[in-house]
Amino acid sequence: MKVRVGIEALAFAVPHRYVEIEDLARARGVDPNKFTQGLGARQMAVAEPGEDAVALAATAGRRLLALGADPSKIGFLAVGTETGVDHSKPIASFVQGLLKLPRTMRTFDTQHACYGGTAALMAATEWIASGAGAGRTAMVLCADVARYGLSTAGEPTQGAAAVALLVSESPDVLELDVGLSGSFSADVHDFWRPVGRRDALVDGHYSMECYLQALAGAYRGWRDRALAREVIRPSEAPTSEQLARVLYHVPFCKMAKKAHAAVRLAELEERAGGPLDEAALAAEAPVAAARFASQVAPSLDLCSRIGNAYTASLYLSLTGLLHAQGAELAGQRIGLFSYGSGCASEFFSGVVGKRAAERISAIGVEALLERRERVSIPEYERILSLPPDAPLANDPPEGEVRYAGTVDHKRTYRG
Ligand code: HMG
C-alpha cells in the first residue's frame, strides 16, 4: 500500500525587530517605490546577535512541540541552514539539547544555500516513504539570518526566520507527491559567502538568471513526471495552470512574479516551436498578470513582511498561503519551487490537507508579527554593527531561545 507522507504541522519564529522598507529607502536616498513596487518588499526582519540560526531554529522547534508534536515519536531531526555557527557541530545537535529531544534519533544539518531546507525535507520524506522511519516522525527545521551589508544592492533583500516542519504519515497540512520532483543544479558563482565573512557576496542580476534557468529545468522535470503519472493532463494552456497555487523561493517578492511569468512563457514557446512574436507576447502579458494574481500573490504576504530568510523562505510562503487560503485550498494540488544559489533547485508538488487551515490557525501568525518592534534605520545599523558575540541585552521572551555567549569555546544558549 502507498504510504502517505508530508507535512503534518508547522510553526515559525521571527526576530523581534523589523524595519519598514520605505524608511530604509529614504535613508539610502532611493525612491521608496523601487523597494516596494520594484522588489515587492514592505518590511524586513532585523536579527540581533542573540537571534542566531540556532536560537531561531530552537524557538520554532519548541513552538512545533507546543502544537502537539510528540517528541518521543521523532526519529529524525534535520536542519537546513546556510548560516550555521560552527564548522563541525550541527545546529541539529544544539536544538536536540535545547528541546530535550530523545537521543534515539538521527541528527544532522544540510547545506546548499537556500535549497538546504528542501534537501532536509526531501531526506525526511524519503526516510518515511522508504519505511526506514517505521512509523516515526521527522522534525525539519529551516533557519537563517540573511545579511548583505549596509548600502549594497542586496541590503533591502535581507531578513531572518526559522520554520519548523513535522513530517509524518499523517500529512494534515500538505501531502507530498513523492517521486515527482524535478531537479536542476549547476556550478555557478551567483551568490556565496566565503568562510569567515558574515555578509554574503552576490552577483545580483546574474543570480536572477541562474534562478530562472534552474526553474526552467526543474519545472520541466516535474511536469514530465507528473504527465507520465497522469497527475496532470496534457492541455492547450500552460500546464502550470493545473496547479491551484505555485509557491516560489522568495529572495524578494518580485522574483516570484518573474518566475511565474517565465514558467508560462517557456511552455508557450515550447508549443510555438520558438520565441513568441510581438502580438503573442502582448496577448500573454495580461493573462500572465492575472495568473500571478490568482496563483502566486496569495502566498507572498508573510515574505513581504519578513524579507529573505534563505532556507525558510519557501516555507514562509507556504505558511502565508495556508494562513490566507488554507480552507479553500483543501484537497487541491499546489506546486513548490526551491532554489539555492551555487546552485541547486527542485520543483515539487503536494495536495493541501483537509486540516491545513486548522493547523495554521493554531500558530497565531498575526500575533507573532504584531508583537515585533519597529526600529529606526540608525538603530538597525547599530544592531548590524554589533559583534556576533555581543552580550544579551535582556532575558529572552517567554518560550524563546537566545545565544548567551561563548564559554571555553563552547556556545551557550538561554531560554
Ligand atoms: P538593483 O540592481 O539595485 O535593482 O538590485 P534594479 O535596478 O534591478 O531594480 C529592481 C527593480 O525595481 C526593477 O524591476 C526596476 O525596474 C524597479 P524589474 O525591471 O526587475 O521588474 N525599479 C523601480 N520600480 C518602481 N519605481 C522606481 C524604480 N526604480 C527601479 N523608482 C537586486 C536588485 C535583486 C539585484 C539586488 O537587490 C540584489 O542583489 N539582491 C540579492 C540577490 C537576490 O536576491 N537574487 C535573487 C535570485 S538568487 C536567490 O534567490 C538565492 C538567494 O536567496 C541566496 C541563497 O540561495 O542562499 C539570494
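Pro 251 is buried, with a relative accessible area of 15%; buried stands for under 20% relative accessible area, exposed for over 50% and partly exposed for values in between, using a 1.4 Å probe and protein chains only. This is a predicted model, in which local features need pLDDT of at least 70 and side-chain atom pairs count only at pLDDT 80 or more, while totals for chains, interfaces and linings use all residues. Residues are numbered from 1 along each chain as its sequence is written, and side-chain values use heavy atoms, with hydrogens and water left out.

- Pro 251 sits in the loop that runs between strand S12 (245-248) and helix H7 (253-272); helices (H or I, at least four residues) and strands (E, at least two) are DSSP runs numbered from the N terminus.
- Apart from neighbours within four places in sequence, Pro 251 has contacts with Thr 157, Tyr 211 and Asn 308, where a contact means heavy atoms within 4.5 Å.
- From Pro 251 to Ala 132 the C-alpha to C-alpha distance is 34 Å, at 119 residues apart in sequence.
- Ala 66 belongs to helix H3 (residues 53-66) and is exposed, with a relative accessible area of 68%.
- Ala 66 and Gly 364 are 298 residues apart in sequence, and their C-alpha atoms are 12 Å apart in space.

**Cysteines**

- How many disulfides does the structure hold? The count is 0, with a disulfide defined as a pair of cysteine sulfur atoms within 2.5 Å.
- For Cys 142, the closest cysteine sulfur is that of Cys 114 at 11 Å, which is too far for a bond.
- Cys 142 is buried, and its relative accessible area is 0%.
- For Cys 210, the closest cysteine sulfur belongs to Cys 343 and is 5.9 Å away, again too far for a bond.
- Cys 210 is buried as well, at 5% relative accessibility.

**Backbone geometry**

- Most residues other than glycine have a negative phi, and most peptide bonds are trans.
- The peptide bond joining Gly 342 and Cys 343 is cis, with omega about -5°.
- Cys 343 is in the loop between strand S13 (333-340) and strand S14 (344-352).
- Glu 230, a residue other than glycine, has a positive phi near 60°.
- Glu 230 is placed in the loop between helix H6 (204-228) and S12, and is exposed at a relative accessible area of 68%.
- Asp 408 is not a glycine either, yet its phi is positive, at about 55°.
- The loop between strand S16 (402-407) and strand S17 (410-414) holds Asp 408, which counts as exposed at 60% relative accessibility.

**Whole chain**

- There are 13 helices and 17 strands in the chain.
- The radius of gyration, taken over C-alpha atoms, is 21 Å, close to the 22 Å that the globule rule gives for 415 residues, so the chain is as compact as a globular protein of that length; the rule is 2.2 Å times the number of residues to the power 0.38.
- Along the principal axes, the C-alpha atoms fill a box of roughly 65 × 60 × 40 Å.
- Buried residues make up 56% of the 415 in the chain.
- Of the contacts with a separation of 6 or more, 76% involve residues 24 or more positions apart.
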